Every structure is written in C-alpha cells, then in structure tokens.
Amino acid sequence: MVAEASSGHPGGSLSATDIVTALYFKVLKHRPDDPKWAGRDRFVLSKGHCAPVLYAALARSGYFPVDDLPNLRKIDCHLQGHPDMHKTPGVEISSGSLGQGLSVSAGLSLGMRLDGLPGHVFTLLGDGESQEGEVWEAAMAAAHYKLTNLTAIVDANGLQIDGFTKDVMNVEPLPDKFAAFGWKTLAIDGHDFGQIIDALEASRSGDGPTAIIARTVKGKGVSFMENNAGWHGKAPSPEETRQALAELQGEQVPGKGEPVGS
Amino acid sequence: MAVELKPRATREAYGDALLALGERHENVVALDADLAGSTKSGKFGAAFPERFFNVGIAEANMMNIAAGLAISGKIAYASTFAVFATGRAFDQVRQSIAQPRLPVRICASHGGLTVGEDGCTHQSVEDIGLMRLLPNMRVVVPADYNQTYAAVLESYELPGPMYIRTGRPNVPFIYGEPPAGLGKGCDVLREGTDISLFACGIMVSRTLEAAEELKKRDISAEVVNVSVLKPIDVDTVAASLTKAGCAVTAEEHSVIGGLGDAVAGVATEYCPARIGRLGIKDTFGKSGQPDQLLEEFQLTARDLVVLAEQVLKSRK
C-alpha cells in the first residue's frame, strides 16, 4: 500500500498491526455490512498517520473492497493520507493532527453513555503522540467523568520521526503517568495476541477508563525497518517492498484474519 | 432606530437561548472551560447538569470533546472567551470540527475590545478572521440581545459547524423582539442612496447613530446589519454597493479578516466601489473601560461619520 502510494508511514503501522488485528478480528463488536450499527464498539485511530493498518483491517473486515488498498493516497480514492470519517466506511473519526483523538474519544464515550449505548470506545495512541499536552487534558477528563466505556491503547514503539522518544522528549513512565491520572493501567507485549486480547477484554470493565501500554517494535516483521526511525514516514523501494512482503508473509498463518502469537 | 429597551449583553441572550434549546431538545449538550458564569452557559449547566460538561481550563480538550459528542449525535454548544475559542483551540476547531463538518456551535463571548479592563490578552481582535478562513464554518455576529437569541435558537436547525460571537457589555436593542431567524444574515435597517454603511455586532447601533448624523449633513446613508459574515449575502451587499457606489464597514475587530474584508471581497468581484474600513487598525488592544477603548481605537459613531465623509469626498 505504502509502496504503491510512494509515501506514507510503514513503521508505526507495523508496530500497531497486531493490536489492530486483534481488535477487528477478535474484540470489536461491529457489523461491516452496517457500519453505523448503534450497538457497535468504536475504534478510534488517534495516531492517524498509521491509516494503512486501519484501512487494511477495514478492508479485510469487509467495509470496502481489498482492491481499493493500492489506491491509498491517490487522487479520487477514498483512502486519504489520514483517516476521513466522511470518505471511508468504518472510519469513526477524522484524525491526523496528533493529540486530539483521546479527547474526541472522551466526547464520543460521554455521548454514548448519555444515550445508554452498550458500545465501548477503543482509542489507539502513539507514545510519541503522548508528548502532546492535550492527551493529558483528555486523560484528566476521562478519569474525572469515570468513562468506563473508554480504553486507550498506547502503541509504545519507542520511536518517533526524529529518533528515540527517550532522546527526543521522554514520555515514560507511561503506565505510572496514566495511573496517576486515575486510569486503570495494564502493561503488555503488543505483539502477543493472547496478552492483547486479554487486556482489551479486561478493559471493558472497571470504575473508570483503562490505559493499555503495549510495548511494540516499530516496523515489526520487516527486518530492515524494525526499530529504525528512518522508516517512520518513508515508502520502501520496489526491491525493499518485495523483501518486506516476503518477510511478512513468511510470518503469516493462512486463513482470514486468524492471528497467532509472535 | 434602536428600540427603547434597557440595553442587555448578547452573552445573556446566549445563556437564555441555550437554556430554551435544552428544554426543547434532549440532544443539546453544552460545554465550557471554566468560564460558565461569564459566557452564561452556566444557566444551561444548572438546569441540565447531566448534559453540561465544564472541562476546566482546557479549551483544546473542550473543542475535541464537543466534536466527539457531535459524532455521537448531539448538537454541542461549546463556550469560552473568543480569544481562547479561536486562538488556543484553532487546530482542534480546524481538524476535528470544521473539516469533518460536525454540528458544534462555538459560542464565544467577550469578543472585541469591550472586554475592557482585562486588556489585550483577553480582547479578541482576530477571531472572526480565523473562523472565516475555515472551510465549512458559518460565522455569525449578532447585533443585540434579540438577534443573538434568534441566532442561537436557529443554530439548532442548521447543518455543520458554526461560530457565534457575543460580547460582554450591555448593548442597545436593535430589534423589538427576537426575529424568526437571521435569514441570509444581511438586514437593511435603513435605506439610503449616497453611501452604504455595513456593520456587525456592537457597531450596528453606532452605525444607526452615524446615519442620523449624516442625514443632518444631507447625506443619505443606508445601514446594513451583517449578522452572518460567512457565507455573506452577496446579493444584498452587492445591491447596496451598486446603489450607492461607496461604503463604510464598521466592526469591533481587526480591519484584516473581518467584515471589512468580507464586503470588500464582494465589491472586488461584483461591483467595484470605494470602501472605508472602520475597525481595529492591525494592533492589539489594551486595558481601559469599554467606552474609553472605543474612543481611543476610533470606533464611535463620530469616527464613522468622519470616515464616511472622507470616502464620499474621495469619490468627487
């Protein structure tokens, strides 16, 4: 997808792939043939630049044809560089300007609670994104309003465009920070499907919002991309694409959306 | 002419109309950022605490929570001072409200210099310009209590995002009772043939005064209350400009980006005319009493008369 578009963000998409896969194919209650079903859970991609992983999950779920995916970022394609709720079926909010998704999710959670809707809101943030102050305004508000129907998942891959987050601007310790803001906090291996699914399901209950700090590897599954900030926002060459796909397909177990632990 | 009723602040009308909306519609929610007493959203909050969210001093968060509530099907009214609603939270308004066309009504109080003593940090001279720049954003600046009341009631029915600017001081009544709605937002209050005077907000009553003074000098001035600055009513503005061939605009806002630019844009495209722009001259405000500030920044009826005569003279 990113190679076809000649631009995009492979690194953070790959670090979040196991989490998004677990959500769409195991955890979320949703109806791809009825995207606005009132009883659905909502997934919010706050780190909107990782749209490719969201689009792949939506397409494989049946929200739109898989054949659309190679047209990512192309003129006249609904798959915008960052998610657009009015263009792509299944996208719950428009995102892309980092730091806003958790606040929007809090508003969505409040609205769903007012309406007595059963759905849960799962929001995926980046650890670099958590440098944005608004994330903590939202964290304060979600705890204050006791949003039991909200889960924040931090894709903590330790990298951002300009380097390691610990070097650019240290955001850790994230679990302690969310706990101090009044959230139930879980720390997991973000590439272990058992841990991911257990944590997501556990987050549905509690007295307030839950934060899942998922330790991940940026560029996961592609040897030359792993833990390399250079692959934050760069498309691979044709040769690199062939190698990357070969490595990823080597890991993949056949069968639609049936993941295994890594 | 201004109606003989005791002047009232437009922010009071916001509070009263919001309360009325809350009584009529279950899906109306309101938010504030620790200024509920000043913006008057607190009236709604007292009546409907379960639908009112005071998010504390966090305007960015407020705008995005409003967006989330709107996505869930609510009509969200978000209030704070104009300077914070449009400046502090601009990116949130841009990315999460304007671009996704969500029904969030940003009802910002304390527009302009008449905030008074708090000074330049709290006086918004650029909010209208910022909001006009955003695609999908409807920009409303009502002239008095009754028009504000109508604008807020009407906002419930209209699609998409909206910015409604209200003010702190009491202002004279222009309308005897709330109109049915703002229509296209361009209301000819007084007809005239020599010069068109376009005004918004607190400047409307001053413009009516100026027109009266100009009449004494044998100048027939048309007064147009432009309450919807975007989308501006091109037909009414162009018709008035065509008739008089020259105009003055008056606003409690920078001459850049506000009513003056909106009217000049219509003139440039449809009916070239000499236009004088009365407004804040690309500068920040300062502390002082509201009337002192309007004197110092040359936003009085007298200043309007002077500018109108200059414009007329320059045409001869």
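This is a predicted model: local features need pLDDT of at least 70, side-chain atom pairs count only at pLDDT 80 or more; totals for chains, interfaces and linings use all residues.
Okay, let's start with a helix pair in chain B: helix H10 (residues 234-244) and helix H11 (residues 259-270) pack at an angle of about 70°, and their axes are 10 Å apart. Angles from 65 to 115 degrees count as roughly perpendicular, so that's what we call H10(B) relative to H11(B).

Seven strands make an open sheet with mixed pairing, and the order is S3-S2-S4-S5-S7-S6-S12. At the edges you'll find strand S3 (52-54) and strand S12 (228-230) of chain B, each pairing on one side only. Going from one strand to the next, the twist averages 20°.

Strand S5 (residues 104-108) and strand S7 (residues 162-165) of chain B run in the parallel sense, with four bridges.

Now zoom out to the domains. For chain B, the domain assignment gives domain 1 (3-173) and domain 2 (186-315). Their centres, taken over C-alpha atoms, are separated by 25 Å. How many residues are in contact between the two? It's 28 residues of domain 1 of chain B with 28 residues of domain 2 of chain B. On the domain 1 side, helix H7 (127-132), strand S6 (138-140), helix H8 (145-155) and strand S8 (170-173) of chain B each supply at least two residues. So much for the elements; by class, that side of domain 1 of chain B divides into 14 nonpolar, nine polar and five charged residues.

Last stop, the two chains together. Here 22 residues of chain A are in contact with 22 residues of chain B. On the chain A side, the elements giving two or more residues are helix H4 (101-114) and helix H5 (133-144). Which one gives the largest share? That's H4(A), with ten residues. As for the classes on this side of chain A, there are ten nonpolar, nine polar and three charged residues.

Conventions
Residues are numbered from 1 along each chain as its sequence is written. Chains are lettered from A and ligands numbered from 1 in the order in which they are written. Two residues are in contact if their C-beta atoms, placed from the backbone, lie within 7 Å. Ala, Val, Leu, Ile, Met, Phe, Trp, Tyr, Cys and Pro count as nonpolar, Asp, Glu, Lys and Arg as charged, and the others, Gly among them, as polar. Domain bounds come from an automatic or database domain assignment. Two strands pair if DSSP finds at least two bridges between them. Axes are lines fitted to C-alpha atoms, for helices over the stretch in contact, and angles run from 0 to 180 degrees between N-to-C directions. Angles under 35 degrees count as roughly parallel, over 145 as roughly antiparallel, 65 to 115 as roughly perpendicular and the rest as oblique.
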